[in-house]
Amino acid sequence: MNRLRQFMYGRYGADQLGMALVILGCVVTFVLSLFRMQYQRFFVSLLLRLVSLIPYLLFLLRALSKDIDRRRAENERFLKYWLPVRSRFVTKAAQLRDKEHRYFKCPGCSRTLRVPKGKGKIEISCPHCQRKFKKRT
């Protein structure tokens, strides 16, 4: 264990982009394994295997890199695009778990409004743009 710790000293290691590359590699490997059954030719099969290894190799190159500043900048660029996508999924999942409220988009400002469920048809007023609209809860 000490040898591994000494080897990794000064190297970048794993981060969010690295984990995304591993997950991408798993997905690509799975999808290509479905198509590999159709291709019996050696060259096509070898090419598909090499394509499925690219995300894993990128992960290893990033994790073993000693250029920490560049890898950190790459991860920040990745997170700039990934975090809004992730937060959208997390928000939608939380809304689906919430059994006591309904969520509506304001037709004026497109903000999401939360109202209690089971109140029948009510008039909803947006606290941001003051627009009023009727919806059934």
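Gln-130 lies in the loop between strand 3 (121-125) and strand 4 (132-136); strands are DSSP runs of E with at least two residues, helices are runs of H or I with at least four, and both are numbered from the N terminus. The phi of Gln-130 is near 65°, a positive value in a residue other than glycine. Gln-130 counts as exposed, at 56% relative accessibility. The classes are buried (under 20% relative accessible area), exposed (over 50%) and partly exposed (in between), with a 1.4 Å probe and protein chains only.

The model is predicted: local features need pLDDT of at least 70, side-chain atom pairs count only at pLDDT 80 or more, and totals for chains, interfaces and linings use all residues. Residues are numbered from 1 along each chain as its sequence is written, and side-chain values use heavy atoms, with hydrogens and water left out.

Ser-110 is found in the loop between strand 1 and strand 2. Its phi is also positive, about 65°, although Ser-110 is not a glycine. Ser-110 counts as partly exposed, at 47% relative accessibility. The hairpin of strand 1 and strand 2 has 6 residues between the strands. These two strands pair in the antiparallel sense over 5 bridges; pairing requires at least two DSSP bridges. His-101 stands opposite Pro-116 in strand 2.

Side chains alternate along strand 2 (residues 112-116). Leu-113 and Val-115 point to one face and are buried. Beyond its neighbours within four places in sequence, Val-115 is in contact (heavy atoms within 4.5 Å) with Glu-100, His-101, Arg-102, Phe-104, Ile-122, Ile-124 and Thr-137.

The largest pocket has a volume of about 300 Å³. A pocket is an open set of points on a 1 Å grid over the protein atoms alone, where a 1.4 Å probe fits, with protein on both sides within 12 Å along at least five of seven lines; lining residues have an atom within 4 Å of a point. The volume is the space filled by probe spheres set on the points. Arg-88, Thr-91, Lys-92, Gln-95, Leu-96, Tyr-103, Phe-104, Lys-105 and Thr-112 line this pocket. Helix 4 (68-97) and strand 1 (101-105) each give two or more residues to the lining. Helix 4 gives the most, with 5 residues.
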